[in-house]
Amino acid sequence: MAEPALDTFPRLLLHHAAVRPARPAIREKDLGIWQTWTWAQSLEHVRAIACGLAAQGFRRGDHLAVIGANRPRLYWSMMAAQALGGVPVPLYEDAIASETQFVIDDAGVRFAVAEDQEQVDKLLEVLGECPRLERIYYDDPRGLRHYEQPQLASLERLEALGREAEGRDPGLFEREVAKGRAEDVATILYTSGTTGHPKGVILTHAAMIATGRAYTEFEKLTADEEMLAYLPLAWVGQNLFSYSQSTVAGFCVSCPESAETVMTDLREIGPTYYFAPPRVLEALLTQVTIRMEDASRPKRALYRYFMDVARRVGGRITDGRNVDGGVGFGDRLLYALGDLLVYGPLRNVLGMSRVRVAYTAGEAIGPDLFVFYRSIGINLKQLYGQTETTVYVCVQPDGAVKPDTVGPPLPGVELRVAESGEVLVRSPGLFREYHRDPGATAEAKDAQGFFHTGDAGFLDADGHLKIIDRAKDVGRLADGTLFAPKYIENKLKFFPYIKEAVCFGHEREMACAFVNIDMEAIGNWAEKRNLPYSGYVDLASQPAVIELIRDCIERVNRDLAADAKLANSQIRRFIVLHKELDADDGELTRTRKVRRRHIAEKYATLVDALYSGADHVFVETQMRFEDGRTGTVSADLRIADAKLYSAAAARPAA
Amino acid sequence: MSATVLAVDGISLAFGGVKALQDVSFDVHQSEIRAIIGPNGAGKSSMLNVINGVYRPQAGTISYKGRTRRRFEPHEAARLGIARTFQNIALFRGMTVLDNIMTGRNLKMRSGVLAQALYWGRARREELEQRAQVERIIDFLEIQHIRRTPVGRLPYGLQKRVELGRALAAEPELLLLDEPMAGMNVEEKQDMCRFILDVNDQFGTTIVLIEHDMSVVMDLSHRVVVLDYGRKIADGTPDEVRSNKDVIDAYLGVAH
């Protein structure tokens with residue numbers, strides 16, 4: 001008899017449970033100890049949850065909302081829904097109630113799985129407005145003992161119901177899995193969307209498995225990889241790397257104990273396969289920098305010396321181009337010594353000693369940040385893709401990494417650059433459509449099946465894709481020269497002192513910026529200088545801090561001056577903001593991208609002041625606290641000028 | 001109505017000429033959260049110190065678990081399932097969070113010093129059991145990320161939480177909290193409130209707490225005792241106490 005095709009996730013699970021039943025499938029750190037479930041055990045849980053859901057009336061095509069952190073039971077619930085021909089819809093755990101309500105309503109969710117009391121409370125809050133939501137199951141019973149809502153039950157109870165149901169009807173699970181088809185919907189992922197409501201991206205089993213397989217082959221992943229799942233499940237990257245690829249390749253995924261313990265957990269697991277968005281890599285580097293500044297003098301000198309060596313030759317050595325890259329014997333020897341004294345221990349502290357493949361994506365990464373990781377011997381690579389392409393478009397290949405590009409198109413991807421500069425993609429991993437939004441689907445996917453990414457970019461001489469900015473964000477200054485705000489913001493954000501930056505300049509005579517200080521880094525800096533401050537607002541308004549930021553901006557200006565096309569977008573005036581930009585206030589998306597247009601509207605007085613020539617401006621801003629209450633902060637902000645550079649002045653420094 | 005677990009009857013306590021407590025009586029029911037409030041110097045901490053035997057009152061009795069005495073020795077109180085936290089944090093600052101909470105398990109250990117030093121046989125088994133229990137508390141209080149951090153390096157709010165953890169480690173039946181929220185910001189206070197409610201709910205622990213912040217007390221407790229200048233001036237549910245004229249006077253200040 002022929003093996004059934006491994007073309008749906010539940011079939012892959014059955015396959016692993018048969019082929020490698022005793023190998024670890026998923027781990028979770030609980031009570032300080034790593035608990036492991038094998039593929040066979042995972043299957044039992046999935047089977048129980050699936051049968052339980054079926055007994056509770058979950059039908060083919062039904063949607064199951066999954067809300068919470070990376071937890072084994074949540075992974076099993078997603079798989080169980082797929083086994084029944086249903087569709088898991090993961091939600092961002094830090095979404096506020098109204099965002100959650102939108103998705104639950106839009107997706108027509110009848111069943112939901114929540115991690116804990118916090119998420120259950122959120123679902124109960126929207127229950128009134130979501131009449132179709134029938135049942136809520138929770139993983140962690142803490143604090144829920146006295147909840148008496150009839151909709152509510154624990155996953156444990158659901159599993160018990162499932163085992164009973166299976167006792168009455170053995171083979172239920174296998175029969176349901178057999179009904180699944182590759183072109184069934186595997187999941188709906190809601191994109192955070194920099195404008196308007198989130199859109200539900202429909203991905204099929206075929207698309208997700210094709211992508212998982214392609215990555216597995218491209219990076220030669222095996223069943224022995226280790227990965228730590230610490231990013232939101234609702235984000236396509238986490239879904240792809242920890243759910244799809246683990247199920248395709250059969251490797252083990254580990255769930256951290258809590259969001260705060262990720263660093264420790266990372267060191268304990270020692271992943272071989274790692275993913276981090278630039279902001280996480282940035283935060284790690286900021287931590288390292290801060291700790292090195294606190295180190296003793298000889299250690300600081302050692303660090304500085306060997307980091308210089310790494311910057312000079314490390315990238316080429318990591319690329320494996322020691323010889324043809326022209327790294328001399330002396331430098332190789334020095335680098336080996338540095339590896340022993342600095343890079344090795346540093347990789348260990350970062351939890352990346354065993355990393356074979358590390359990816360970063362989601363936002364453009366500052367070249368200096370990127371080069372830092374590669375130079376200390378971590379094979380960090382950029383990849384490019386969106387939820388709609390199951391993040392499968394371009395990856396930098398081993399040995400040919402160019403920091404300012406995202407690499408050539410992956411096998412199976414057709415890539416075109418439209419006349420407008422927009423990047424178009426067609427591949428087997430493409431989404432089917434937006435959920436209940438044919439208008440948006442038609443806009444994003446053309447008649448030939450190409451997806452319009454909305455990113456502006458071009459292919460360089462080696463066929464590597466270089467992304468400049470969002471196509472709609474690339475603007476022009478009043479004099480007609482190119483203005484790429486994100487490009488400048490990213491340059492600014494590379495400084496450890498700057499957490500967020502927002503640049504303005506489209507159709508204006510000059511470029512200006514808002515800057516958010518990094519409380520941790522600047523707080524530490526201020527402490528060292530015995531600079532007293534009472535809190536964020538106070539720190540952000542200290543003249544010394546503004547000087548510090550000015551210095552960063554001027555260094556960026558010098559960089560920009562070196563590039564003829566961008567020399568005119570040097571930042572002339574800036575404001576250090578009195579409050580941190582926050583997703584709760586709608587200023588950032590849930591994946592922490594700045595919503596430039598919204599910020600420009602909300603802080604119109606500040607933008608006007610930047611362009612009016614005033615030297616200070618009074619502002620009062622509403623902000624939302626974590627518990628949903630709102631308050632206001634007010635401050636008198638100084639508007640500072642930055643020095644501009646001519647192309648000639650920039651050159652010797654660059 | 002649930003059973004009374006603790007009753008103090010006619011307690012008077014004086015330090016020389018200072019009368020800290022004068023003829024104070026109240027009772028605490030099984031599994032309730034009972035607050036003692038009052039302005040500065042009202043005798044709240046003294047009352048707590050009388051309950052767990054730090055002070056010996058000049059008059060009155062304490063009944064706990066069917067025993068009625070003038071005073072329970074502190075170690076006896078601990079053995080009978082009374083644990084407490086302090087107004088000024090009393091932790092071992094150089095030790096990690098984990099070790100600090102482990103000290104709270106000391107009473108539960110049965111193996112001898114020698115066996116413990118050798119980490120052998122029963123001592124080893126015991127240590128593992130105790131550690132598992134401590135990990136449950138760490139999980140409960142959501143302090144996994146600072147497990148290995150020396151307490152002295154932690155911010156104040158977290159230190160308070162660790163202190164609660166140490167008290168919980170003794171698996172108390174009666175938990176005395178001395179101003180658990182003093183000096184905290186709004187967010188830390190909310191966290192602490194939730195933990196206190198969870199302790200009460202999850203383990204059924206009876207809690208007596210002293211607190212300054214009126215709004216916190218009113219939201220948290222089932223019944224409230226109000227002290228002023230060492231005397232009890234009101235006793236009842238938060239609503240009853242809130243509308244009591246003597247209480248309003250004591251808090252707003254009226255010439256005595």
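In this predicted model, Tyr359(A) stands opposite Lys381(A), a residue of strand β14(A). The pair belongs to a stretch in which strand β13 (residues 357-360) of chain A and strand β14 (residues 380-384) of chain A run parallel, joined by 3 bridges. These two strands are part of an open sheet of 4 strands in chain A, whose order is β12-β13-β14-β15 and whose pairing is mixed. At the edges of this sheet are β12 (273-275) and β15 (394-395) of chain A, each of which pairs on one side only.

Another open sheet of chain A also has 4 strands, in the order β16-β17-β19-β20, and here the pairing is antiparallel. Its edge strands, each pairing on one side only, are β16 (414-417) and β20 (465-470) of chain A. From one strand to the next, the twist averages 45°. Within this sheet, strand β17 (residues 422-426) of chain A is joined to strand β19 (residues 451-459) of chain A by 3 bridges, and the two run antiparallel. Val425(A) has Phe451(A) of β19(A) as its bridge partner.

Strand β1 (residues 24-30) of chain A takes part in two pairings. With strand β2 (residues 33-38) of chain A, β1(A) runs antiparallel, and 6 bridges join the two. Along this pairing, Lys29(A) stands opposite Trp34(A) of β2(A). The hairpin formed by β1(A) and β2(A) has 2 residues between the strands, and Leu31(A) takes a positive phi near 50° in it. With strand β11 (residues 252-255) of chain A, by contrast, β1(A) pairs in the parallel sense, over 3 bridges. Here Arg27(A) stands opposite Ser254(A) in β11(A).

The helices of chain A may be taken next. Helix α1 (residues 9-19) of chain A packs against helix α3 (residues 72-83) of chain A at an angle of about 115°, and the axes of the two are 8 Å apart. With that angle, α1(A) and α3(A) are therefore roughly perpendicular to each other. On the side of α1(A), the contact is made by Phe9(A), Pro10(A) and Leu13(A), while α3(A) contributes Met79(A), Gln82(A) and Ala83(A). The residues of this contact comprise 5 nonpolar and 1 polar, with no charged residue.

Helix α13 (residues 329-349) of chain A contains Asp331(A). Beyond its neighbours within four places in sequence, Asp331(A) is in contact with Arg312(A) and Val313(A). Asp331(A) and Val309(A) are separated by 22 residues in sequence, yet their C-alpha atoms are 7.6 Å apart in space.

Further along chain A, helix α19 (residues 543-561) has 19 residues and reaches 26 Å from its first C-alpha to its last, which is close to the 27 Å expected at 1.5 Å a residue. Several residues of α19(A) are buried: Val545(A), Ile546(A), Ile549(A), Cys552(A), Ile553(A), Val556(A), Asn557(A), Leu560(A) and Ala561(A).

The buried residues are Lys160(B), Arg161(B), Val162(B), Glu163(B), Leu164(B), Gly165(B), Arg166(B), Ala167(B), Leu168(B) and Ala169(B). Among the elements of chain B that cover them are β6 (82-85), α3 (97-103), α5 (122-140), β7 (174-178) and α7 (186-203). Just after α6(B), Glu171(B) takes a positive phi of about 45°.

Finally, the two chains meet. In this interface, 10 residues of chain B are in contact with 9 residues of chain A. On the side of chain B that touches chain A, α5 and α7 of chain B each supply at least two residues. The greatest contribution to that side comes from α5(B), with 4 residues. By class, the side of chain B that touches chain A consists of 7 charged, 2 polar and 1 nonpolar residues.

Terms used
Residues numbered from 1 in each chain as written. Chains lettered and ligands numbered in written order. Predicted model: local features only at pLDDT ≥ 70, side-chain atom pairs only at ≥ 80, totals over all residues. Axes fitted to C-alpha atoms, helices over the stretch in contact; angles between N-to-C directions. Parallel < 35°, antiparallel > 145°, perpendicular 65-115°, else oblique. Contact = placed C-beta atoms within 7 Å. Nonpolar A, V, L, I, M, F, W, Y, C, P; charged D, E, K, R; others polar. Buried ≥ 20, exposed ≤ 12 C-beta atoms within 10 Å, placed from the backbone. Expected span 1.5 Å × (residues − 1). Pairing = 2+ DSSP bridges.
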